[in-house]
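Please open the model in a viewer and keep the selection panel at hand.

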Amino acid sequence: MHVQEWLETVPAVAVYALVGLVIGLESLGIPLPGEIILVSSALLASQHGEIDPVVLGASATAGAIIGDSIGYAIGRKGGRPLLAWLGNKFPKHFSEGHIATAERSFEKWGMWTVFFGRFVALLRIFAGPLAGVLRMPYWKFLIANVLGGIVWAGGTTAVIYYVGIVAESWLKRFSWLGLVAAVLVGLTSMLVIKRKAKKAQQAHQAQPVTAAE
């Protein structure tokens with residue numbers, strides 16, 4: 001079952017909670033499909049009035065900010081051993097190469113890595129814990145975390161929601177155009193057939209009748 005199809009079977013409150021929880025867990029360092037859940041929920045909100053896009057965006061934003069903050073605290077307390085443990089548990093995501101790349105990004109860009117990391121799947125998982133491990137000042141992390149969470153979660157929700165509405169509107173418009181076109185084709189075909197039938201009848205009546213021998 002597709003994610004969106006499954007989301008259609010649960011109440012709106014559960015969708016808000018699920019989005020916040022999945023994004024929060026992803027942000028604190030657990031590889032989960034947070035973006036897929038958010039996009040599917042925002043698209044569902046554009047098609048069903050039960051889901052409020054504002055509440056959905058707020059839930060996603062809260063999950064992102066809280067999850068990143070927890071990840072930062074865990075990383076600051078756990079240090080390098082935490083990265084080694086994560087590497088054993090999730091070798092695909094926390095390999096030495098990925099960690100080295102993320103560290104270079106932090107050293108070069110600092111707060112911008114936390115902010116723009118929201119828009120990159122791998123950095124979205126790394127940002128919180130790695131910022132803690134590298135002892136980034138919390139006030140810098142918090143500013144980048146809050147702004148990044150608002151722009152990414154709120155922006156993604158808004159964009160997908162309005163894209164869904166526009167797409168649905170166009171689909172409805174095309175369905176009406178298709179109906180009108182089908183009616184016009186049907187009427188035209190009927191008129192052509194009637195005209196041909198009338199001409200054939202007139203031609204038949206115009207033929208001279210031969211006298212019987």
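Begin by selecting Tyr 72, which counts as buried at 4% relative accessibility; buried means under 20% relative accessible area, exposed over 50%, and partly exposed in between (1.4 Å probe, protein chains only). This is a predicted model, in which local features need pLDDT of at least 70 and side-chain atom pairs count only at pLDDT 80 or more, while totals for chains, interfaces and linings use all residues. Residues are numbered from 1 along each chain as its sequence is written, and side-chain values use heavy atoms, with hydrogens and water left out.

Rings of Phe, Tyr and Trp (its six-membered ring) pair if their centres lie within 6.5 Å, and planes under 30 degrees apart count as stacked, over 60 as edge-to-face and the rest as tilted. By this rule there are eight aromatic pairs. The ring centres of Tyr 72 and Tyr 138 are 5.2 Å apart with planes at 55°, so this pair is tilted. Tyr 72 belongs to helix α4 (residues 53–89) and Tyr 138 to helix α8, so the pair ties together parts that are 66 residues apart in sequence. Helices (H or I, at least four residues) and strands (E, at least two) are DSSP runs, numbered from the N terminus.

Next, select Trp 112 and Phe 115. Their ring centres lie 6.0 Å apart and their planes stand at 85°, so the pair is edge-to-face. The two residues are three apart in helix α6, which separates them by about one helical turn. Trp 112 is exposed, with a relative accessible area of 52%, whereas Phe 115 is buried at 16%.

Now select Ser 27, in helix α2 (residues 12–27). Is Ser 27 buried or exposed? At 0% relative accessibility, Ser 27 counts as buried. Its side chain makes a polar contact with the side chain of Arg 118 at 3.0 Å; such a contact is a pair of N or O atoms within 3.5 Å, where within protein one must be able to donate a hydrogen and the other to accept it, and residues adjacent in sequence count only if both atoms are side-chain atoms.

Finally, display the whole chain. The secondary structure comprises eight helices and zero strands, and 37% of the 213 residues count as buried.
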